[in-house]
Each structure stands twice: as structure tokens, then as C-alpha cells.
Amino acid sequence: MGNIFAKAALPLVLVSGVLAGCASTSSTGDAPLNQKNWPWCSLLGGLVGGGLGATESSAWAGGGAAAGAILGGLLCYAQDGDEDKDGVFDRRDRCQGTPANTPVQHNGCPLPQYPEKVEPPAPQDEVIVLSDLGEVLFAFDSAKLTPAAMATLDTVVEKLKGSDVVGIKVNGHTDSTGTDAYNQGLSERRAASVVDYLVSQGVAPDKLSSEGFGESKPVADNASKEGRAENRRVEIMVDR
């Protein structure tokens, strides 16, 4: 009985050995069946299996041919050649036709080039804030800069003259004392006053602009003296 089973298995073992060179890797299972080579593997498997089976009897020849055809097709189903010679079998290759000597990933697509191109960081805007909380910027109810405010502006003039500066916008803000309309006008005049001073110190006038926001954008509580002082401010927006 043992000899019978050994003889029955012989065609399958030999067919598997003959076709092993056609299937050195397994499929990932995520690709459609490639029909280039597997019919030929089935035919080859059938011939080998049938030939080996015929050494025993004609009945064995039929069984061996059938078994060899199935095994050959299954083995070639697992892979189907490597036409672009990139080391990835065609059934797993998502980028067939890769140029010779191109390093590829496991799916056959070219590896990213290193070092990768890194885009320079986008320029960051700078905001310089001057407020009455630190020092009084303007005379009371006026757009006239105080000496202290001028001295503070002098510390940033050279920075604003930099060749990397694209534009400078001066925004004026007030506290909530007075009417909305009055505060709007006062903020506009104060912002323009700062622009005029910067121009007088050599900052390019074509890079400067101003806008007033009145009391519409508080950063602190107008109910307190300190909050109102913080809201009376000038913001210099530097665009690089």
C-alpha cells in the first residue's frame, strides 16, 4: 500500500520540482490574474505529469497530466515573469517597464529620490506692537507721537529697511472712550502719523500703508485703566 501512494505522489513531486523555477515568490493577492504565462505552465505541467504517469500505466498518464496541469497553472499564477528585469515579478509589478538599473520598491515602482527636495519655509509675517501700556504713544486726544514713541520706533527702523521686507502695514487702534466714529478717525490719523515718521527715518514709502480700526478690535477689557491702555496701540505688520 505504501508503494502505491509513493508512486501516486511521484508525478506531483517531480512536476513541482520542474516548475519551481517559474515560481520563486508568492503573490500578494492584490493583483488581477496575469494571463501571459500561466497557460504555458499548465501545458508544461500536463505534459510532464502525463509523461511521468505513463511510465506506470495509461490510466496514470491521464491522472498525472491533469494533476500536472493544475499544479503548473497554480505555480505560475503566483508569479508571471519579470519583463522589465527589476526583480519584481510581473503579477506584483505596479510599474512595469521601469528603465534598467532603476531602484524599485516592493511593488516595482521607482524608489523616491533622496535627499527629497525640501521646499523652503514660507516667509513669516512679523507683528510689532506698541501700546500705551508700556509707554504713552500719542499726546492726549491727538495723533502727535510722543518722544518716547519716536525713540521706540527708532529701534525698529533698521529692521524695517531690510531688503527682505516686502511690505509694512501700520494698524491703529483705540480704546472705547468716545464715540465709534471719533475713535475710527483718531485711529486712522495715528496710524498715518506712524507711517510719516518711519518715512522720515528712511523707510521706503512705497512699502508702507496704514489703516485704522477704531475701538473695534480690543485685546483687553476696556473696563479697566490697564485694559484701555493696552487697547490704545499701533500694530506694525511686516511682510517678508
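This is a predicted model: local features need pLDDT of at least 70, side-chain atom pairs count only at pLDDT 80 or more; totals for chains, interfaces and linings use all residues.

Author: The lining of the largest pocket is made up of six nonpolar, four polar and five charged residues. Of the 15 residues that line the largest pocket, Phe140, Asp141, Asp175, Arg190 and Arg232 lie nearest its centre.

Threonine 146 can be taken next. Its place is the loop between β1 and α4 (147–160). With a relative accessible area of 14%, threonine 146 counts as buried because the limit for that class is under 20%. A polar atom of the threonine 146 side chain lies 2.5 Å from the backbone oxygen of valine 136. Beyond its neighbours within four places in sequence, threonine 146 is in contact with Val136, Leu137, Phe138 and Ala139.

The remaining item is the disulfide, and the count is one. Cysteine 95 and cysteine 109 form it, with their sulfur atoms 1.9 Å apart. The link is right-handed, with 75° about the S-S bond. Both cysteines lie in the loop between α3 (58–78) and β1 (126–131), so the pair ties together parts that are 14 residues apart in sequence. The two cysteines fall into separate accessibility classes: cysteine 95, at 24% relative accessibility, is partly exposed, whereas cysteine 109, at 14%, is buried.

Technical notes:
Residues are numbered from 1 along each chain as its sequence is written. Side-chain values use heavy atoms; hydrogens and water are left out. A disulfide is a pair of cysteine sulfur atoms within 2.5 Å. Helices (H or I, at least four residues) and strands (E, at least two) are DSSP runs, numbered from the N terminus. Buried means under 20% relative accessible area, exposed over 50%, partly exposed in between (1.4 Å probe, protein chains only). On a 1 Å grid over the protein atoms alone, a cavity is a set of points where a 1.4 Å probe fits but cannot get out, and a pocket is an open set with protein on both sides within 12 Å along at least five of seven lines; lining residues have an atom within 4 Å of a point. Ala, Val, Leu, Ile, Met, Phe, Trp, Tyr, Cys and Pro count as nonpolar, Asp, Glu, Lys and Arg as charged, and the others, Gly among them, as polar. A polar contact is a pair of N or O atoms within 3.5 Å; within protein, one must be able to donate a hydrogen and the other to accept it, and residues adjacent in sequence count only if both atoms are side-chain atoms. Contact means heavy atoms within 4.5 Å.
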